[in-house]
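Please look over the sequence and the structure shown below before reading the briefing that follows.

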Amino acid sequence: MDLQRIGVLGAGIMGNGIAQAFAGAGLDVLMVDIDEAALTRGLAAIRKSLDRLVVKDKLSATDRDALLGRIRTATDTAALADRQLVVEAVSEDETLKGRIFQQLDDICPPEAILASNTSSISITRLAALTGRPEQVIGMHFMNPVPVMKLVEVIRGLQTSDETYRTVRAMAEGLGKAGIEVRDRPAFVLNRVLVPMINEAVCALDEGLASAEDIDTVMKLGANHPIGPLALADLIGLDTCLQIMKVLQRGFGDPKYRPSPLLQQMVDAGRLGRKSGRGFYDYQG
Ligand code: NAD
């Protein structure tokens with residue numbers, strides 16, 4: 001299927017990056033968020049990211065303007081009625097995503113593919129809430145989307161071969177490597193990455209070392225480009241906590257118990273970069 005009209009639901013950290021990636025490939029993008037302010041912030045983030053490319057001579061000002069011209073916004077999900085592919089990127093909450101998939105199934109044309117950028121939630125379960133489970137798939141982009149080259153393409157139990165082939169080709173058309181992954185809690189990347197972050201939070205909670213020193217150990221000792229706590233701030237501590245809970249529920253294994261400190265940080269609203277404070281302070 002030749003996909004030209006793309007919908008992105010959610011204009012947050014991931015949604016605006018995903019919208020930028022599709023518009024960058026010449027596609028017509030409609031970005032929807034219930035929060036008008038999130039749309040304004042999302043568009044500003046895209047413009048900032050493109051401006052950086054213009055300054056570095058990697059993009060002309062004309063191409064930047066053309067790309068921005070391919071992204072429209074709306075606050076009403078019903079505006080997605082003519083989309084051929086919708087990528088859902090709302091907050092990591094299964095009840096919310098479930099409601100949205102039912103809504104998208106009612107609104108979108110019968111041939112449309114419904115994808116989720118979920119970090120951890122079962123694609124099979126989201127698909128089962130729709131009347132088109134064979135056209136539901138995971139399209140898990142990495143943060144920051146314009147920079148990161150990977151998309152995990154997650155096949156639910158009922159995802160058809162055709163949907164898989166179309167979405168994988170689309171990921172590759174965006175200049176990303178599309179990797180096929182089975183539908184298990186948190187897939188591959190977050191199954192490995194987030195327990196490592198959780199362990200770093202446990203180490204901090206036990207007073208093993210300071211946040212800066214834990215990050216330095218992993219950068220110098222394991223050659224990681226960014227320490228786990230700084231990475232948690234980038235991902236969002238709420239998202240990390242949700243992923244640990246999905247792993248804990250999904251496998252029923254106590255090794256996935258979220259760190260009490262991670263829970264406490266989220267309870268306090270210290271969500272990382274997006275709230276101005278997490279393990280580090282980003283205010284000012
Ligand atoms: P975010 O909190 O930055 O953005 C979520 C957006 O969804 C917000 O703007 C919110 O207003 C919007 N929203 C909430 N309910 C909505 C509704 N009913 N209709 C329309 N919009 C709604 O979150 P994020 O970090 O962009 O994460 C989005 C998804 O991407 C999550 O599933 C997350 O697990 C996944 N993900 C996140 C990362 C990361 O590093 N942050 C990486 C890969 C995948």
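Helix α4 gives the largest share of the shell around the ligand, namely three residues, where helices (H or I, at least four residues) and strands (E, at least two) are DSSP runs, numbered from the N terminus. This is a predicted model, in which local features need pLDDT of at least 70 and side-chain atom pairs count only at pLDDT 80 or more, while totals for chains, interfaces and linings use all residues. Residues are numbered from 1 along each chain as its sequence is written, and side-chain values use heavy atoms, with hydrogens and water left out.

**The shell**
- The ligand is surrounded by 25 residues, the closest being Met14, Asp33, Glu92, Lys97 and Ser119; a residue is near the ligand if one of its heavy atoms lies within 4 Å of it.
- At least two residues of the shell come from each of α1 (13-24), α4 (94-107) and β6 (136-141).

**Polar atoms and cover**
- An N or O atom in the side chain of glutamate 92 is 2.5 Å from an oxygen atom of the ligand.
- Serine 119 places a polar side-chain atom 2.5 Å from an oxygen atom of the ligand.
- Of the 840 Å² of accessible area that the ligand has on its own, the protein covers 87%, by the Shrake-Rupley method with a 1.4 Å probe.

**Serine 49**
- Serine 49 is in helix α2 (residues 36-55) and is buried, with a relative accessible area of 12%, where buried means under 20% (1.4 Å probe, protein chains only).
- Apart from its neighbours within four places in sequence, serine 49 is in contact (heavy atoms within 4.5 Å) with Gln20 and Pro146.

Methods. A polar contact is a pair of N or O atoms within 3.5 Å; within protein, one must be able to donate a hydrogen and the other to accept it, and residues adjacent in sequence count only if both atoms are side-chain atoms. Buried means under 20% relative accessible area, exposed over 50%, partly exposed in between (1.4 Å probe, protein chains only).
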